[in-house]
Amino acid sequence: MLEPHILTNAQLDGCSPSRPTWEVFKIIMWKNTPHLTGQMALYWLVLGLFFQTLHAHFDFFTSIGQMTDLLYTEKDLVTSLKDYIRAEESKLQQVKQWAEKLDSLTATAVQDPEGFLGHPVNAFKLMKRLNSEWADLESLVLKDTTDGFISNLTVQRQYFPTDEDQTGAAKALLRLQDTYKLSANVISAGDLPGVVHKSRMTVEDCFELGKVAYSEADYYHTELWMTQALKQLDEGESSSIDKVTVMDYLSYSIYQQGEIDRALELTKRMIKLDPSHQRANSNLKYFEFQLEKQRKAEEAEGKKEVKEEEKKKVDKRDVQMKRSKDPLPERKRYEQLCRGEGVKMTHRRSSRLFCRYYDNGRNPRFVLAPVKEEDEWDRPRIVRYHDIISDYEISKVKELAKPRLRRATISNPITGVLETASYRISKRRATVHDPITGKLTTAQYRVSKSAWLTAYEHPVIERINQRIEDLTGLEMDTAEELQVANYGVGGQYEPHFDFGRKDEPDAFKELGTGNRIATWLFYMSDVPAGGATVFPDVGAAVWPKKGTAVFWYNLFASGEGDYSTRHAACPVLVGNKWVSNKWIHERGQEFRRPCGLSETE
């Protein structure tokens with residue numbers, strides 16, 4: 001039997017270029033500062049270690065706020081590059097003037113060499129030119145004007161994104177494509193809702209996205225993006241990527257999804273473009289053999305028409321999700337809510353939702369200036385407070401948080417310890433409660449960065465905490481610190497519970513303050529598209545609005561968990577999402593929210 005020759009990733013994948021290391025940085029610094037004293041050497045060593053430590057904490061794709069720093073880094077590099085170009089142009093201009101002068105001189109001299117050198121001054125100048133001036137010209141040509149630019153580039157690269165950042169940003173685009181049902185053509189054209197700075201994708205960009213999907217054995221997205229790359233090539237876009245390379249990936253991804261006939265047609269097209277393509281010629285025979293085998297089997301069973309009908313009904317994305325063992329059972333419902341296609345509340349239920357001025361039982365701080373409270377949902381009860389945090393307070397919170405933003409953590413339900421919710425599949429990931437099986441499963445949990453702010457750090461934080469206590473009537477001394485989060489490219493927080501379930505006995509054990517009784521969430525930015533907070537089990541969707549906050553109880557008054565509060569932060573399609581939240585715990589609430597008599601009270 002003939003075997004295909006495109007079944008290994010190694011045959012198709014290219015190698016990533018290497019990046020400057022700390023060793024390069026050390027060599028450049030020692031080379032450029034030969035007079036270093038022991039004290040100065042120690043200074044550079046400490047500085048270098050600082051760069052390494054700083055670099056180790058960066059996951060740029062998880063925070064738009066920190067990603068903005070990269071724009072200034074690139075601007076600085078462009079300035080440095082322009083300085084280098086000016087230096088090179090100046091050097092070239094001097095060489096050009098020298099060449100033009102000698103061109104005229106030698107043209108005259110060679111017409112009558114003996115007569116020309118008969119003049120003693122000409123003879124002297126010839127000796128001088130060849131002995132000294134040409135040596136000076138050689139030094140000018142060999143002069144290295146790259147030192148400043150290369151040194152700056154090497155230092156700045158300590159702050160550059162890593163392969164993980166590039167892969168993370170690519171996967172974010174694929175996630176946005178699925179969640180918001182966007183075609184590859186729409187994304188490539190940059191036609192996203194609410195965009196201000198439109199940007200088109202090149203063939204190379206589309207090809208790179210396809211390769212990222214291919215490396216994850218995600219043949220569904222490989223097909224989408226290789227098809228888009230091929231479409232742009234067919235339309236005449238110039239590119240360093242050739243059609244045969246694109247079709248090589250495309251035919252294999254289509255073959256892996258069971259469409260042998262389409263894979264065969266693409267292979268034939270490849271051979272027309274490159275008749276000597278070894279892999280394509282081998283695959284042509286293999287695909288023809290497999291297709292003939294498939295046809296004979298269908299004819300023998302007499303089910304050809306049925307099978308053709310079944311093929312049409314196959315949802316390729318569903319197949320890919322099963323292949324990748326997607327751990328999220330409510331994926332489709334969650335994505336529908338993110339698109340605003342959720343279950344609509346009946347008129348009877350919505351008529352019971354009201355807006356009101358609220359002072360929480362004539363709390364002294366709100367008697368003269370009650371806050372605006374709006375019912376967002378009835379079961380579970382979700383309320384929104386409007387104009388509850390000022391622009392000044394938002395800017396101060398962001399100012400305090402930005403230098404400390406780190407990859408978001410979640411509470412490990414087994415150990416109770418906070419740990420990073422890793423993006424990569426190859427690393428240990430967070431666990432999520434499967435509402436169907438009741439078991440804990442892994443999930444690509446959270447793509448954001450967060451920082452924790454304590455009340456004693458700044459009066460604004462203390463004032464915010466007091467405001468939450470006054471409005472909820474709950475004790476803040478046992479609550480967790482104010483967590484500030486900034487979402488990155490396609491930033492999300494997949495469906496989860498804020499409270500610890502019965503099968504997580506050690507959740508929040510290290511805090512010693514009991515379970516999370518309630519959640520308070522501030523929206524600190526408007527989001528042009530995407531970024532809603534959704535509750536898949538009940539069909540609720542709350543959209544970000546700067547200066548507002550939402551509040552809900554995670555536990556019934558009995559202390560039992562309210563499973564209808566399972567919620568998620570939808571991927572940010574366009575914009576920069578900043579939120580801050582306060583998780584309020586059970587301890588200290590005994591008299592503020594007395595225990596109920598029934599389990600679901």
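In which loop is Ala 217 found? I looked this up to begin, and Ala 217 sits in the loop between α10 (203–215) and α11, where helices (H or I, at least four residues) and strands (E, at least two) are DSSP runs, numbered from the N terminus.

**Entry: ground rules.** I note that this is a predicted model, in which local features need pLDDT of at least 70 and side-chain atom pairs count only at pLDDT 80 or more, while totals for chains, interfaces and linings use all residues. Residues are numbered from 1 along each chain as its sequence is written, and side-chain values use heavy atoms, with hydrogens and water left out.

**Entry: the whole chain.** I found 20 helices and 19 strands in the protein chain. Of its 601 residues, 46% are buried, a word I use for under 20% relative accessible area, with exposed meaning over 50% and partly exposed in between (1.4 Å probe, protein chains only). I also looked up contacts, meaning heavy atoms within 4.5 Å: among those between residues at least 6 apart in sequence, 74% join residues at least 24 apart.

**Entry: backbone details.** I returned to Ala 217, whose phi is positive, about 60°, although the residue is not a glycine. Ala 217 counts as partly exposed because its relative accessibility is 30%. Arg 362, in the loop between β1 (355–358) and β2, also has a positive phi, near 60°, and is a residue other than glycine. With 59% relative accessibility, Arg 362 counts as exposed. In the loop between β2 (371–377) and β3 (382–386) I found Pro 380, and the peptide bond leading from Arg 379 to Pro 380 is cis, with omega near 0°.

**Entry: helices α11 and α12.** Two packed helices are described by the angle between their axes and the distance between the axes. I took axes as lines fitted to C-alpha atoms, for helices over the stretch in contact, with angles running from 0 to 180 degrees between N-to-C directions. Helix α11 (residues 219–234) packs with α12 at an angle of about 150°, and their axes are 9 Å apart. The two helices are therefore roughly antiparallel to each other, on a scale where angles under 35 degrees count as roughly parallel, over 145 as roughly antiparallel, 65 to 115 as roughly perpendicular and the rest as oblique. The crossing of α11 and α12 is left-handed, meaning that the near helix is turned anticlockwise from the far one by less than a right angle, whereas clockwise would be right-handed. By class, the residues of this contact divide into 11 nonpolar, 4 polar and 3 charged; Ala, Val, Leu, Ile, Met, Phe, Trp, Tyr, Cys and Pro count as nonpolar, Asp, Glu, Lys and Arg as charged, and the others, Gly among them, as polar. Among the residues that meet are Tyr 219, Met 226 and Leu 230 in α11, and Val 246, Tyr 249 and Leu 250 in α12.

**Entry: helices α13 and α14.** I then checked helix α13 (residues 260–273) against helix α14 (residues 278–301), whose axes come within 9 Å and cross at roughly 155°. That makes α13 roughly antiparallel to α14, and their crossing is left-handed. The contact of α13 with α14 has 9 nonpolar, 5 polar and 3 charged residues. The residues meeting there include Leu 264 and Ile 271 in α13, and Leu 284, Phe 287 and Leu 291 in α14.

**Entry: aromatic rings.** I counted rings of Phe, Tyr and Trp (its six-membered ring) as a pair if their centres lie within 6.5 Å, with planes under 30 degrees apart as stacked, over 60 as edge-to-face and the rest as tilted. The structure holds 20 such pairs. Tyr 255 and Phe 287 form a tilted pair, 5.2 Å centre to centre with 40° between the planes. This pair links distant parts of the chain, since Tyr 255 lies in helix α12 (residues 243–256) and Phe 287 in helix α14, 32 residues apart.

**Entry: a residue in α20.** Lastly I looked up Arg 467, found in helix α20 (residues 459–472), which counts as buried at 16% relative accessibility. Leaving out residues up to four places away in sequence, Arg 467 touches Phe 366, Ile 388, Ile 389 and Glu 393. Arg 467 and Ile 388 are 79 residues apart in sequence and 8.7 Å apart in space, C-alpha to C-alpha.
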